[in-house]
Structure formats: structure tokens, C-alpha cells
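Please read the points below beside the model; they take up selected local features one after another.

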Amino acid sequence: MKKITLVLVLAILPFFGFSQSLFDKYESMENVGSVVINKSLINLMSSVHVDGVDKETEDFIEMAKSLNSLKVFITEDKATAKDMSVSVKKYLRTAKLEELMRVKDKDVNVKFYIREGKTPDHVKELLMFVTDMGNLDINVDGRKFETVLLSITGDIDLSKISTLTNKMNLPKELNKVNKEE
């Protein structure tokens with residue numbers, strides 16, 4: 001009986017870490033820029049007491065307390081961008097995320113996906129995938145990015161997402177994310 005239990009645990013274990021390990025491979029790639037903020041840093045940032053903060057900063061600190069991680073991966077390499085696209089498609093099939101919104105502006109495609117949360121205005125995961133940016137005339141320190149992958153996990157209040165985008169300089173398209181639309 002113990003052997004059967006051990007085999008079952010070992011068989012199920014990879015599914016619990018699947019969402020992290022699938023995108024974490026991009027952290028070590030030379031042609032991928034990444035920012036990964038984990039729960040420990042989020043807790044540290046949100047525990048800092050600052051007197052006289054404005055309402056937006058208070059909202060940001062409150063929202064940050066409910067996050068588990070924030071991961072951003074960017075690349076200008078077309079082959080890596082294609083691999084990211086394959087990984088996102090694979091992840092979407094297994095992670096039970098639903099497409100929330102698509103934005104197409106010129107050649108750039110922005111897609112938002114969510115995993116249901118405890119209430120209709122809260123989600124457990126928000127995934128944003130931006131492709132075909134290489135055709136834009138946008139240069140960041142001499143780099144022309146092709147693809148951006150953003151993953152935020154935790155208890156995300158969609159009504160306060162604009163606070164997060166403003167304070168962390170995230171793409172403004174996130175402000176349009178609202179499950180009611």
C-alpha cells in the first residue's frame with residue numbers, strides 16, 4: 001500500500017509545479033530578459049511602513065500583499081519568441097486559463113488570460129502575452145523586443161489593476177482588463 005501511495009504522489013507531483021517550471025526556463029536563457037518577483041520580496045515591500053502616502057500607493061501596497069509572484073520575460077530573438085508561443089499554448093491547454101481579451105494594434109497582438117478567483121472581480125492568475133512587437137518602431141536601450149510574457153499570480157483584484165500598472169510601469173493595456181467587459 002505504501003508503494004502505491006508513493007507512486008501516486010510522485011506521479012501527481014509534477015502537476016503542482018508545472019506552471020512555474022514551464023516559464024522558468026526562460027530565466028536562464030541568454031537572449032531573454034527577465035524580472036521575477038517572488039512572495040518573499042513582495043511581503044518585504046508591502047511590510048515597509050511609509051507615512052503620508054497617497055491613495056494610489058496605499059492601494060498598491062494592499063494589492064501587493066495579495067500577490068504570490070510577478071514574472072516578466074522579454075526577448076528580441078525570433079526563435080525564442082516562437083518557443084515562448086509554443087510554451088504559452090501548451091500551458092493554456094493544461095492550466096485551465098480562459099482568454100479574457102485580445103488587442104491587435106497594427107501588427108502587435110496582446111492577449112490576456114485569467115484563472116478564476118474567489119469572486120468575479122478576483123483572479124488567481126493573470127497572463128499577458130504580447131507578440132509581433134519587432135515590427136514596431138520602439139527601441140528600448142537599442143533593443144527591439146519581439147515578445148513579452150507577463151504572469152501574475154495570487155489573489156488579484158481586477159478593479160485595482162491600474163494601480164499595479166502605474167506603480168510598476170507595466171503595459172497600460174492591463175488597465176482594460178475587467179471580467180465584466
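1. A residue is called buried under 20% relative accessible area, exposed over 50% and partly exposed in between, with a 1.4 Å probe and protein chains only. By that scale N109 is partly exposed, because its relative accessibility is 21%. The model is a predicted one, in which local features need pLDDT of at least 70 and side-chain atom pairs count only at pLDDT 80 or more, whereas totals for chains, interfaces and linings use all residues. Residues are numbered from 1 along each chain as its sequence is written, and side-chain values use heavy atoms, with hydrogens and water left out.

2. N109 belongs to strand β4, where helices (H or I, at least four residues) and strands (E, at least two) are DSSP runs numbered from the N terminus. With contact taken as heavy atoms within 4.5 Å, and with neighbours within four places in sequence left aside, N109 is in contact with V103, K104, F129, V130, T131 and D132.

3. Strand β3 (residues 98-105) and strand β4 (residues 108-116) run antiparallel and are joined by seven bridges, with V103 standing opposite V110 of β4. The hairpin of β3 and β4 has two residues between the strands, and K106 takes a positive phi near 60 degrees in this hairpin.

4. On the β5 side, β4 pairs with strand β5 (residues 122-131) in the antiparallel sense over eight bridges, and R115 stands opposite E125 in β5. Five residues lie between β4 and β5 in the hairpin that they form.

5. Where does S151 lie, and is S151 buried or exposed? S151 is in strand β6 (residues 147-157), and S151 is buried, because its relative accessible area is 7%. Not counting residues up to four places away in sequence, S151 touches S69, L70, K71, E125, L126 and L127.

6. How many aromatic pairs does a search of the whole structure find? The search finds two, where rings of Phe, Tyr and Trp (its six-membered ring) pair if their centres lie within 6.5 Å, and planes under 30 degrees apart count as stacked, over 60 as edge-to-face and the rest as tilted. F23 and Y91 form an edge-to-face pair, at 5.0 Å centre to centre and with 70 degrees between the planes. Because F23 lies in helix α2 (residues 18-24) and Y91 in helix α5 (residues 78-95), this pair ties together parts that are 68 residues apart in sequence. F23 is buried at 3% relative accessibility, and Y91 is buried at 1%.

7. The rings of Y26 and F73 have their centres 6.1 Å apart and their planes at 55 degrees, so this pair is tilted. The pair links distant parts of the chain, 47 residues apart, with F73 in strand β2 (residues 67-75). Y26 counts as buried at 0% relative accessibility, and F73 counts as buried at 1%.

8. M45, in helix α3 (residues 39-47), is partly exposed, because its relative accessibility is 36%.

Terms used:
Two strands pair if DSSP finds at least two bridges between them.
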